[in-house]
Amino acid sequence: MLIAAMAVLDPGDEAWIEDPGFHQARRVFALAGATIAPRPVDAEGIVIHGTRKGPPPKIIYVTPSHQFPLGVTMSLKRRKALLEFAQTRGAYILEDDYNAEFRFTGPPLPCLQGLDRTGRVIYAGTMSKILYPSLRLGYLLVPAPLADAVAKLRTAMDQHSPTIAFSPVSLRITRSPGSNLARCPPHPLRSSAVAAMTAVKTLRVIIDLTRTR
Ligand SMILES: Cc1ncc(COP(=O)(O)O)c(C=O)c1O
């Protein structure tokens with residue numbers, strides 16, 4: 001989350017977060033120097049339109065699969081409205097696909113990243129639920145224009161993630177039909193092969209595992 005925030009935000013930029021929401025999001029955006037604007041959550045997810053005056057958000061943090069802490073799954077209608085809003089305001093959406101692994105009723109919903117046609121979504125996933133939280137291994141799928149900045153930030157933080165943990169995990173992310181990324185429909189403007197390559201390249205760069213590039 002901090003990598004995404006630092007790649008996108010300048011000090012003073014507006015960051016929208018869910019209210020109630022994940023306390024870590026508030027901490028991260030505060031650290032990146034953002035002005036934090038809590039937005040309410042209703043039965044369909046984050047409420048976008050309302051009475052709030054002020055500059056448009058630069059980033060909107062959401063937990064669409066399983067809103068933390070209310071447990072709401074963002075409706076398809078709200079997902080589309082949020083994407084349109086982000087596109088028209090030039091905002092990025094930070095999609096924290098929290099608890100996406102635990103959907104026991106109804107068909108799977110496409111993630112925001114998979115619905116996105118204009119490169120506004122940064123997708124954040126974690127291995128904490130399907131493997132172990134103690135691995136401390138997560139991944140970002142970022143729009144191409146952000147990839148360099150994200151890679152530089154990742155490298156600056158602690159160079160790379162644990163190599164032993166990453167090798168099998170990277171294969172699972174990119175190849176498994178059950179993985180979160182496989183649930184996201186491919187981007188219509190790219191072939192799925194290119195999308196997959198982008199994911200692999202981004203993962204390699206961000207997690208910087210092998211340095212074999
Ligand atoms: C809403 C939400 N997002 C993301 C995470 C990140 O989990 P992890 O750091 O284990 O990947 C958590 C963990 O509690 C969470 O509650």
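## Strand S6 and its partners

Glu95 has Tyr123 in S6 as its bridge partner. Helices (H or I, at least four residues) and strands (E, at least two) are DSSP runs, numbered from the N terminus. Strand S5 (residues 92-96) runs parallel to S6, joined by four bridges. Two strands pair if DSSP finds at least two bridges between them. S6 also pairs with strand S7 (residues 138-141), antiparallel, over four bridges. There, Thr126 faces Gly138 of S7.

## Model and confidence

This is a predicted model: local features need pLDDT of at least 70, side-chain atom pairs count only at pLDDT 80 or more, and totals for chains, interfaces and linings use all residues. Residues are numbered from 1 along each chain as its sequence is written.

The average pLDDT (the predictor's confidence in each residue, from 0 to 100) is 81 for the chain, and 77% of the residues score at least 70. Residues 185-213 fall below 50 in pLDDT; beyond near neighbours in sequence, this stretch has 45 contacts in the model. Two residues are in contact if their C-beta atoms, placed from the backbone, lie within 7 Å.

## Burial of S6

Why is S6 largely enclosed by the rest of the structure? Six of the six residues of S6 (residues 121-126) are buried, so the strand is largely enclosed. Buried means 20 or more other C-beta atoms within 10 Å of the residue's own, all placed from the backbone. Val121, Tyr123 and Gly125 cover one side, and Ile122, Ala124 and Thr126 the other; all are buried.

Note on methods. A residue is buried if 20 or more other C-beta atoms lie within 10 Å of its own, exposed if 12 or fewer, and partly exposed in between; C-beta atoms are placed from the backbone.
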